[in-house]
Amino acid sequence: RGCGPRSAGGSASCAGCASGWRPSWRGGDTAEQEEDGERERDEAACGARQPSAAEPARGDAGDAEDEDGARGLRERLAAELARGDSGDADEEDEDDDEEEEEGSLGFPAELPPLPARSALSAAEILRYSRQLVLPELGVRGQLRLARSSVLVVGCGGLGCPLAQYLAAAGVGRLGLVDHDVVETSNLQRQVLHGEARRGRPKARSAAAALRRLNSAVQYVPYRGALRPRSALRLVRQYDIVADCSDNVPTRYLVSDACVLAGKPLVSGSALRLEGQLAVYNYRGGPCYRCLFPRPPPPDTVTNCADGGVLGAVTGIIGCLQALEVLKIASGMGSSLSGYMLMFDALEGRFRNIKLRPRKADCAVCGDSPSVTCLQDYEAFCGSCATDKCRALQLLPGADRVSVQQYKALLDARVPHVLLDVRPPVEAEICRLPHALHIPLRSLQDRDQESLQRLQNRIGEEKQRTDDQTPLPVYVVCKLGNDSQKAVKILQELPAEEFGSVVAKDIKGGLMAWATKIDSTFPQY
Ligand SMILES: Nc1ncnc2c1ncn2[C@@H]1O[C@H](COP(=O)(O)OP(=O)(O)OP(=O)(O)O)[C@@H](O)[C@H]1O
Ligand SMILES: [Zn+2]
């Protein structure tokens with residue numbers, strides 16, 4: 001997931017595209033298009049054999065194999081229709097993700113090649129008729145799609161719409177990788193997973209939903225994290241890779257694997273109300289590392305849980321990713337390679353920015369690469385390959401208390417000030433009633449009025465006690481990261497101006513309060 005350079009929050013980088021922390025755009029470069037061998041590369045990339053003009057684009061199955069395939073498909077379609085008629089298909093399907101046969105991420109087995117196809121069946125012609133009549137696609141493009149395999153990394157906000165449109169369009173095989181399970185807060189944008197799938201592995205849930213949409217596509221769910229030890233073996237088995245993940249180490253891992261395996265990478269990111277799309281390592285264009293040779297500092301990266309995202313924005317970017325995949329797979333039109341498409345939802349504006357060409361000194365796709373095998377990307381980026389472990393450790397243990405410790409001192413009526421440093425929009429969602437609210441941003445800006453409000457509150461509380469020791473300020477935020485940053489700021493305030501402030505942070509923040517102390521406190 002990512003953000004545009006103009007993301008709210010200014011300095012935040014996105015977990016997805018690693019921008020925000022901006023690439024040094026250089027306008028005016030000619031896109032590096034390698035015309036030579038373009039067709040060859042394209043064929044290899046989509047794994048499709050281009051049928052000759054003499055080959056029939058017919059609806060009547062021409063040989064026994066096609067006949068069988070068409071009959072099987074017709075029967076399946078008939079069965080599906082019958083199920084739809086009965087009106088209880090959804091109920092029957094409720095547990096069908098349990099039946100999804102999984103691929104192994106540990107040592108991915110070699111997948112059988114997709115069958116060679118020379119003609120479409122009548123059922124396929126009917127099913128794909130609205131796109132078959134597009135001269136740009138036609139039967140030839142549809143057959144190429146049917147021979148194409150796409151690996152989708154991440155079945156979340158981007159992966160769901162992407163996979164949905166690829167399945168509907170009739171790609172041959174979809175590999176679906178995700179290590180997570182469906183959560184309630186996913187449902188606002190991860191449109192393949194329904195309420196009944198909460199707690200289920202996303203890869204299987206997605207495969208089950210997609211199978212209902214188009215049973216002719218092969219789905220291979222991989223329940224687990226894409227890791228350096230197996231990524232290359234997996235990526236080699238697919239023609240095109242779509243990065244729909246949400247963290248920087250995975251972005252580098254997927255990109256490097258694509259360069260080493262020679263696969264095009266369609267990469268999307270979305271955060272807040274902005275999204276980005278790029279095609280890397282395709283037709284001589286740059287790779288992700290060409291643009292972002294170094295990862296951003298981990299504490300500048302924002303994710304959807306912290307920054308928020310509108311489902312429609314991930315939907316738009318996911319669909320644009322699907323479009324790029326379909327174009328590459330079918331050989332239709334020109335690709336976005338060499339450009340980055342940026343979407344600003346509030347302005348309703350798309351911008352296409354020309355990227356620097358492939359860098360001759362790129363560590364992985366350059367002329368003498370130093371990265372020749374996959375690495376430890378968590379170490380390289382200094383952050384986890386999941387956005388689940390988001391806890392920063394900025395303060396020594398003595399400056400932190402647990403939610404249980406804070407509850408105990410609250411029960412004992414120990415005089416103190418509770419300072420909530422979340423952004424105003426989050427404080428409107430829920431808050432502890434006795435907290436003073438000053439956003440971290442105001443502290444970072446040393447906003448005088450805010451600091452005065454803090455001093456006033458400390459003064460008021462002090463009046464209630466004879467104790468002459470400095471009154472403690474306990475700082476809370478959503479997860480316990482911003483609160484540590486706030487404590488550092490308070491500790492650095494000049495004592496002669498503000499008096500000495502004894503500040504401590506509450507570990508795990510209000511979400512730890514909700515899970516460990518008060519289950520009625522909302523989680524978000
Ligand atoms: N290395 C990886 N291997 C497999 N799946 C990954 C990897 N990195 C990220 N993902 C998956 O990519 C998806 C990204 O989607 P998205 O950010 O919309 O979902 P999320 O992480 O569930 O959201 P939230 O942050 O709101 O909880 C997630 O489902 C996540 O599990
Ligand atoms: Zn590169």
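**Entry 1: strands β2 and β3**

In which sense do strand β2 and β3 pair, and over how many bridges? I looked this up first. The model is predicted, so I keep that in mind throughout. Strand β2 covers residues 149-153. I find that β2 and β3 pair in the parallel sense, over five bridges. I then picked out one bridge: V153 has V177 of β3 as its partner.

I sorted the residues of β3 by direction. R173, G175 and V177 point one way. L174, L176 and D178 point the other way. All of these are buried. I noted the general rule alongside: side chains in a regular strand alternate between the two faces of the sheet.

**Entry 2: around ligand 1**

I moved on to ligand 1. I count 25 residues surrounding ligand 1. The closest are G154, G156, G157, D180 and D246. Which elements each supply at least two residues of this shell? I found β3 (173-178) and α12 (304-307).

**Entry 3: the five-stranded sheet**

I turned to an open sheet of five strands. I read its order as β11-β15-β14-β12-β13, with parallel pairing. Which strands stand at the edges? They are β11 (400-401) and β13 (436-437). Each has a single partner strand, so one side of each is left without a neighbour in the sheet.

I took a look at one pair within this sheet. Strand β14 (residues 472-476) pairs with strand β15 (residues 502-506) in the parallel sense, over four bridges. In β15, I find D505 as the bridge partner of V475.

A helix also packs on the sheet: α18, residues 448-463. I see α18 touching β12 (417-420), β13 and β14. The direction of α18 makes about 155° with that of β12.

**Entry 4: two helices**

Last, I looked up how helix α6 (residues 138-146) packs with helix α13 (residues 311-330). Their axes are 8 Å apart, at an angle of about 105°. I therefore call α6 and α13 roughly perpendicular to each other.

Which residues make the contact? From α6 I list G141, R144 and L145. From α13 I list L326, A329 and S330. The residues of this contact divide into three nonpolar, two polar and one charged.

How values were computed
Residues are numbered from 1 along each chain as its sequence is written. Chains are lettered from A and ligands numbered from 1 in the order in which they are written. This is a predicted model: local features need pLDDT of at least 70, side-chain atom pairs count only at pLDDT 80 or more; totals for chains, interfaces and linings use all residues. Two strands pair if DSSP finds at least two bridges between them. Two residues are in contact if their C-beta atoms, placed from the backbone, lie within 7 Å. Axes are lines fitted to C-alpha atoms, for helices over the stretch in contact, and angles run from 0 to 180 degrees between N-to-C directions. Angles under 35 degrees count as roughly parallel, over 145 as roughly antiparallel, 65 to 115 as roughly perpendicular and the rest as oblique. Ala, Val, Leu, Ile, Met, Phe, Trp, Tyr, Cys and Pro count as nonpolar, Asp, Glu, Lys and Arg as charged, and the others, Gly among them, as polar. A residue is near a molecule or strand if its C-beta atom, placed from the backbone, lies within 6 Å of it. A residue is buried if 20 or more other C-beta atoms lie within 10 Å of its own, exposed if 12 or fewer, and partly exposed in between; C-beta atoms are placed from the backbone.
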